[in-house]
Amino acid sequence: MANLLLEKSAVASQRDLSRLLSERWYASIDIDTGKTEEGNSINNCNDLFSIWKSDLHAQRESENNAFLEIKVMCLATRLLAEAKPAQRSRIPASPLDAALPDHAPKAFAMITSQTEWQDIQRDPNVAHWGDVYPITRIDKESEFRTAFYSDGGVQTLAILGHGDINGDSWDDILVAIKDTVEGGDYFNLRLFVLSMTAQGQWEVVAEY
């Protein structure tokens, strides 16, 4: 989130995250709210939350990818600012390992059509991300960021933070997934709150 702001802002504590929500972005964005032709110009996360609805988009189509990134980062910042310290944890030390596709929920998969998604939801043989499309290559950029390649698709997973996000005392992690296509212009960005069950299975607490 700090990288999207007009002025550099250090983050050293959870209190700093709350402060970021009111700080100005590097540029204002005109939002199509469906109420006026002019749209609604916003330049910080709190402005965004004041008009929030699930289908908000930028008035100019060329700004939609940037706006999607800002929406996800605002949500992530607010979730982490409101998280409590976890009392217990089942989260592995290195969640973004090569085995993740075989254990992560199928909701992680990059699906570009609603029809395909409905078919996958109904398929009893598809339980995990790796069951949808085989992962052919993995580029680990750091402990917190890894790119997973499938046939023509690239999914970059980034761990944004952790803590007790849903109030059950167990540790959760916040993961952003950026979906792109090699040589194409498809772009999507999703946010997941994940926990791990006593049986060692990843569980989606929330998806945005």
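**Strand S5 and its neighbours in a predicted chain**

Strand S4 (residues 137-142) and S5 run antiparallel and are joined by 5 bridges. These and the following features come from a predicted model. Within the pair, Arg137 stands opposite Tyr149 of S5.

The burial of S5 was examined next. The strand covers residues 145-149. Of its 5 residues, 4 are buried, so S5 is largely enclosed by the rest of the structure.

Beyond S6, the backbone of one loop residue stands out. Ser169 lies in the loop between S6 and strand S7 (172-181). Its phi is near 80°, a positive value in a residue other than glycine. Most residues other than glycine have a negative phi. Ser169 is also buried: its relative accessible area is 17%, and the cut-off for burial is under 20%.

The chain as a whole contains 6 helices and 9 strands. It has 208 residues and a radius of gyration of 18 Å. A compact globule with that number of residues would have a value near 17 Å, so the chain agrees with this expectation. Along the principal axes, the C-alpha atoms fill a box of roughly 50 × 40 × 30 Å.

Of the 208 residues, 45% count as buried. Among contacts with a separation of 6 or more, 46% are between residues 24 or more positions apart.

The accessible surface of the chain comes to about 11,300 Å². Carbon and sulfur atoms account for 46% of that area. The chain carries 19 positive and 32 negative side chains. The centres of these two sets lie 5 Å apart.

Methods:
Residues are numbered from 1 along each chain as its sequence is written. This is a predicted model: local features need pLDDT of at least 70, side-chain atom pairs count only at pLDDT 80 or more; totals for chains, interfaces and linings use all residues. Side-chain values use heavy atoms; hydrogens and water are left out. Helices (H or I, at least four residues) and strands (E, at least two) are DSSP runs, numbered from the N terminus. The radius of gyration is taken over C-alpha atoms; the globule rule is 2.2 Å times the number of residues to the power 0.38. Buried means under 20% relative accessible area, exposed over 50%, partly exposed in between (1.4 Å probe, protein chains only). Contact means heavy atoms within 4.5 Å. Accessible areas come from the Shrake-Rupley method with a 1.4 Å probe; for residues, only the protein chains shown count as cover. Lys and Arg count as positive and Asp and Glu as negative; His and the chain ends are not counted. The place of a charge is taken as NZ of Lys, CZ of Arg, CG of Asp or CD of Glu. Two strands pair if DSSP finds at least two bridges between them.
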